[in-house]
Amino acid sequence: MPLALEHVRRMRGGAQSHLMRCRRTADGPDEYYVVKFQNNPQHPRVLVNELLATRLAARIGLPTPQVAVIEVRKELIDLTTELAIQIGMGRVPCRPGFQFGSRYPGDPALITVHDFLPDDHLRDVENLADFAGMLVLDKWTCNTNGRQAIFFNEPGRSGFTAWMIDQGFCFNAGEWNFPDAPLRGLYARHRVYESVRGLHTFGPWLERLEKIDWRHVFDEVQEEIPPEWYDCDQDALFRLLDKLNTRRRIVPELIEEARKTYRQPFPNWT
Ligand SMILES: Nc1ncnc2c1ncn2[C@@H]1O[C@H](COP(=O)(O)OP(=O)(O)OP(=O)(O)O)[C@@H](O)[C@H]1O
Ligand SMILES: [Mg+2]
């Protein structure tokens, strides 16, 4: 498991995450992760949501950062005043222990990551069609936030690569329920859905979703997710996984409902 060695900088966003330099072994290479802490202002369960939903997204072939459980020790927090959560006028130190980490694409000194691209530049994103695939994941998991992605130039490539980030509000954040609504989970710029021609465009991801070995997901989740992230409530976690399993079959309907809205997210659906 990566161990955090140094705080690099605070990131934007409601979960108040921090970019941190980490290593898996004392003499291993540096790895950089955007770390969300257990006592983030949103909910401890957003760490579960991030790890579980990002793993599921990767399993159906979507581009995500590598994700990991990161250890952040008390000594580092005590030595780093920046490692605190701001709540109103007050500040509390980040809680030491196991946190969620989303791997930064390479060395932050060398690679610039963009949260947004202007519409014209979206054409330069090499994997733009993956936004359609990500809607399969967001509808399935009832992501109650808009879809978020990062964009960056991989060395040696001319276009941008998009990675899907911020799965914290999948399963409705700390609620772990599924208040489906037609516009939920869509990306704000509909240009990313230009490749959608009909339900068949979503076919490859829907097929992989159908084929997920659910037993395996169960085992992986139990092995990897620290119980303190969900208050050791195994029943709630199992209910969530059961519900997810059965929701797989309603995803096409949920996509159809998004299509019918006044926002018309899929201009080329025929
Ligand atoms: N793997 C990553 N690589 C590079 N940057 C990242 C990565 N993950 C997150 N970020 C950056 O950190 C910021 C905060 O991440 P994220 O959106 O997951 O947190 P959040 O606090 O939940 O945000 P929100 O307020 O949208 O809920 C993002 O805007 C993005 O710039
Ligand atoms: Mg966010």
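Two residues are in contact if their C-beta atoms, placed from the backbone, lie within 7 Å. Helices (H or I, at least four residues) and strands (E, at least two) are DSSP runs, numbered from the N terminus. This is a predicted model, in which local features need pLDDT of at least 70, side-chain atom pairs count only at pLDDT 80 or more, and totals for chains, interfaces and linings use all residues. Residues are numbered from 1 along each chain as its sequence is written, while chains are lettered from A and ligands numbered from 1 in the order in which they are written.

**Domains**

- The domain assignment gives domain 1 (1-36 + 66-103) and domain 2 (114-270); such bounds come from an automatic or database domain assignment.
- The C-alpha centres of domain 1 and domain 2 lie 26 Å apart.
- Five residues of domain 1 are in contact with five residues of domain 2.
- On the domain 1 side of this contact, β7 supplies the largest share, three residues.
- That side of domain 1 has three nonpolar residues, two polar and no charged. Ala, Val, Leu, Ile, Met, Phe, Trp, Tyr, Cys and Pro count as nonpolar, Asp, Glu, Lys and Arg as charged, and the others, Gly among them, as polar.

**Ligand 1**

- Of the 19 residues around ligand 1, G13, G14, A15, P65 and D166 come nearest. A residue is near a molecule if its C-beta atom, placed from the backbone, lies within 6 Å of it.
- The shell around ligand 1 holds nine nonpolar, six polar and four charged residues.
- Domain 1 and domain 2 each give at least three residues to this shell.
- β7 (97-103) and β9 (148-153) each supply at least two of the shell residues.

**Nonpolar core**

- The largest nonpolar core has 65 residues, and Y33, V35, A57, I60, V136 and L137 touch the most other members. Such a core is a set of buried Ala, Val, Leu, Ile, Met, Phe, Trp, Tyr and Cys residues joined through C-beta atoms within 7 Å.
- Buried means 20 or more other C-beta atoms within 10 Å of a residue's own, exposed 12 or fewer, and partly exposed in between, with C-beta atoms placed from the backbone.
- Helix α1 (residues 45-59) gives the most to this core, with eight residues.
- Domain 1 and domain 2 both give residues to the core, so it lies between them.
- L137 touches A53, L56, A57, I60 and L62, not counting residues up to four places away in sequence.

- W205, L206 and L209 are the buried residues of α5. They fall within an arc of 100° seen down the axis of α5, so they line one face of the helix. The arc is that of the directions from the helix axis to the C-beta atoms.
- G203, E207, E210 and K211 are exposed on the other side of α5.
- α4 and α8 are among what covers the buried residues of α5.
- In α8 (residues 251-259), V251, L254, I255 and A258 are buried. These too fall within an arc of 100°, so they line one face of α8.
- E253 and E256 are exposed on the other side of α8.
- The buried residues of α8 pack against α4 (130-140) and α5 (203-211).

**Positive phi in a loop**

- D166 lies in the loop between β10 (160-165) and α5. Its phi is near 65°, a positive value in a residue other than glycine.
- D166 is buried, with 26 other C-beta atoms within 10 Å.
- F171 lies in the loop between β10 and α5, and its phi is near 60°.
- F171 is buried, with 24 other C-beta atoms within 10 Å.
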